[in-house]
Amino acid sequence: MANNYRAPVEDMSFVLNEMLDLERICAMEAFSEATPDLVSHVLKGAAKFAEDAVAPLNHVGDKQGARLENGVVRMPDGFVECHKQYVKAGWGSITGESKYGGQNLPWTVGIAVSEMWQAANMALANAWMLTQGAIEAIQVHGTAEQKATYLPKLISGEWSGTMNLTEPNAGSDVGALKTKAVPEDGAWRISGTKIFITHGDQDMTENVIHLVLARTPGAPEGTKGISLFIVPKFNVEQTGKLGTRNDLRVVSLEHKLGHMASPTAVMSYGDNDGATGFLLGEENQGMACMFTMMNNARLNVAVQGLAIAERSYQAARLWAKERVQGNDISGKSHEKVTIVQHPDVRRMLMDMRCQTEAIRALCYSVAEAIDLAEKHPDPETRENFRGYLELMTPVAKAWSTDQGFEIASTGVQVHGGMGYIEETGAAQYLRDARITMIYEGTNGIQALDLVRRKLPREIAATNRLFDQMQETIQKMLSSDDMSLTATANQLETAFYALQKATEWIRTTVSRNPEVAASGATQYCKMFGVVAAGWLLGKGALQANSNLENRGFSDRKKITAQFFAEQHLAPAAALLAPIISAGDTTLSLDPEEI
């Protein structure tokens with residue numbers, strides 16, 4: 001199978017520099033080393049590494065899978081060597097703190113690079129993504145000693161990180177977990193079983209640093225009694241060298257629909273004397289600490305939706321330009337034509353393209369909010385972007401992964417019967433995409449988070465966002481460009497529907513949460529579509545002022561218009577289902593459904 005991935009650096013740069021304001025981020029003191037030339041160099045270098053080293057292993061990994069041999073997880077051919085190249089080149093250190101060996105680049109740049117890794121080989125990139133989450137959790141909640149012990153090796157990529165939440169009896173209901181942590185000699189003894197642990201072990205890194213949720217003696221019931229612990233595969237001596245093997249092991253690897261090369265482990269802690277763990281953060285504050293890691297992971301999973309959409313689109317486009325089938329429907333030629341000439345195939349490719357660009361804009365905007373909420377010197381600006389970050393993280397995770405799966409499905413359709421056959425790769429993209437809608441909080445949970453927590457708490461942020469949408473619409477309506485005004489008309493209709501739906505959710509969720517929850521998923525979808533349409537509209541405005549590259553500018557405007565015509569009108573039509581969903585959803589007894 002041909003390696004068809006080419007990192008879309010031009011499209012990425014357009015979002016970073018035109019739709020967002022990367023220059024403003026790089027100008028902040030916190031990112032003083034992130035010059036435009038350096039960022040450009042990083043993106044181009046990452047593109048080459050993704051294309052030449054990471055992407056060729058995608059099909060290999062899918063065919064071979066990860067395997068458990070005598071208690072050791074073995075990765076597919078080429079993965080260990082590729083990871084060594086990743087470490088040597090310093091790719092894991094992009095967003096890490098400089099004092100621990102990181103490059104201290106903005107998250108906005110890090111997310112763009114992450115898109116390339118995920119698109120090139122999602123199963124391998126899972127290890128890098130989770131390590132980044134562990135880094136964030138230790139940076140925020142770790143003691144000085146913990147940071148010095150773990151961050152340099154995690155940031156370099158020599159060690160990897162995981163997060164251990166789920167147990168056989170505690171999936172989404174994390175508060176039901178039973179893993180125990182008992183204090184002993186300044187540390188803790190951890191015992192219990194965790195399931196669905198992504199990259200719970202592998203043979204690419206010297207050590208695996210597990211972040212494990214457990215319950216201490218006398219802790220309150222539910223999530224209020226959960227603590228977070230650092231539990232290394234190999235204990236680390238005071239000198240920094242690896243010591244004895246900790247009391248933890250991989251019991252088995254799950255057999256899955258996709259991500260064959262991403263080992264999903266059942267982990268057992270404390271089969272003998274108990275695994276040695278170290279409290280991260282305060283006791284009984286484990287969920288707050290873990291959410292530092294989970295919010296990071298949720299944006300990265302949203303980027304997985306983007307990445308699989310881009311990879312599927314590229315494969316479908318290449319196939320459509322090479323596959324000869326049928327006659328020219330226009331009658332201009334009597335020769336057989338490539339299927340890209342057929343209007344319905346072009347429609348599917350345009351749909352894949354416009355949605356992928358919309359997802360990219362949304363994900364990158366959330367990454368920008370992370371940088372500005374954490375590092376901007378002005379408190380009001382930090383608060384504004386904090387609100388946007390809180391509001392849009394569940395939207396980005398849910399909508400991006402839902403659409404990533406749909407785009408991968410369309411990719412199979414473009415390939416026709418060959419898409420259903422594994423050798424083209426289209427089926428793998430579809431299989432790999434499916435889990436993104438489930439892990440790091442199912443998309444239904446993301447919708448509930450938006451409706452029950454974020455909307456009531458972030459009223460000012462929501463109103464501020466709506467004001468920005470209205471401002472963009474007015475600018476587009478005042479343009480002489482017919483494409484911009486056509487896009488604006490569709491955006492305005494959908495925007496008003498989103499306003500009405502938001503008002504209904506706000507008034508309903510407090511007095512009748514069950515009814516509001518019935519429409520939550522549709523509301524989250526509406527929010528995602530309208531927000532993405534707004535960002536594409538902003539991009540079209542910027543592109544319209546680019547007189548140097550009219551071809552590129554016209555593509556951006558047409559893409560925004562196509563998205564508006566095909567997706568904003570259906571989004572506006574979700575208003576009725578959102579409001580009426582509770583009437584029918586809750587009308588039947590659960591036993592009668």
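Q: Is Asn58 buried or exposed?
A: Asn58 counts as buried, because its relative accessibility is 7%. Buried here means under 20% relative accessible area, exposed means over 50%, and partly exposed is in between, with a 1.4 Å probe and protein chains only. Keep in mind that this is a predicted model: local features need pLDDT of at least 70, side-chain atom pairs count only at pLDDT 80 or more, and totals for chains, interfaces and linings use all residues. Residues are numbered from 1 along each chain as its sequence is written, and side-chain values use heavy atoms, with hydrogens and water left out.

Q: Which helix is Asn58 in?
A: Asn58 lies in helix α4, residues 57-64. Helices (H or I, at least four residues) and strands (E, at least two) are DSSP runs, numbered from the N terminus.

Q: And what is Asn58 in contact with?
A: Leaving aside neighbours within four places in sequence, Asn58 is in contact with Ala120, Asn121, Met122, Arg311, Gln428 and Tyr429. Contact means heavy atoms within 4.5 Å.

Q: OK, on to the strands. How many residues of β6 are buried?
A: 9 of the 9 residues of β6 (residues 207-215) are buried, so the strand is largely enclosed by the rest of the structure.

Q: Which residues point which way from β6?
A: Asn207, Ile209, Leu211, Leu213 and Arg215 point one way, Val208, His210, Val212 and Ala214 the other way, and all are buried.

Q: How many bridges join β3 to β6?
A: There are 6 bridges between β3 (residues 159-164) and β6, and the two strands run parallel. Two strands pair if DSSP finds at least two bridges between them. Trp159 stands opposite Asn207 in β6.

Q: What about β6 and β7: parallel or antiparallel?
A: β6 and β7 (residues 226-232) pair in the antiparallel sense, over 7 bridges. Leu213 stands opposite Leu228 in β7.

Q: What sits in the loop between β6 and β7?
A: Lys224 is found in that loop. Lys224 counts as exposed, because its relative accessibility is 66%.

Q: How far is Lys224 from Cys26?
A: They are 198 residues apart in sequence and 39 Å apart in space, C-alpha to C-alpha.

Q: Speaking of cysteines, how many disulfides are there?
A: The count comes to 0 disulfides, a disulfide being a pair of cysteine sulfur atoms within 2.5 Å.

Q: Switching to helices. At what angle do α17 and α19 pack?
A: α17 (residues 520-544) and α19 (residues 575-585) pack at an angle of about 160°, with their axes 8 Å apart. Axes are lines fitted to C-alpha atoms, for helices over the stretch in contact, and angles run from 0 to 180 degrees between N-to-C directions. α17 and α19 are therefore roughly antiparallel. Angles under 35 degrees count as roughly parallel, over 145 as roughly antiparallel, 65 to 115 as roughly perpendicular and the rest as oblique.

Q: Which residues of α17 and α19 meet?
A: Gln522, Tyr523 and Met526 in α17 meet Leu575, Pro577 and Ile578 in α19.

Q: And how do α13 and α15 pack?
A: Helix α13 (residues 443-457) and helix α15 (residues 482-511) pack at about 105°, with their axes 10 Å apart. That makes α13 roughly perpendicular to α15. Val451, Arg452, Leu455 and Pro456 in α13 meet Thr502, Ile505, Arg506 and Val509 in α15.

Q: What about the phi of Asp185?
A: Phi of Asp185 is near 55°, again a positive value in a residue other than glycine. Asp185 is found in the loop between β4 (180-184) and β5 (187-198), and counts as exposed at 79% relative accessibility.

Q: Last one: what does Thr264 touch?
A: Not counting residues up to four places away in sequence, Thr264 touches Phe196, Ile197, Thr198, Ser252, Leu253, Glu254 and Lys256. Thr264 is found in strand β11, residues 264-269, and is buried, with a relative accessible area of 9%.
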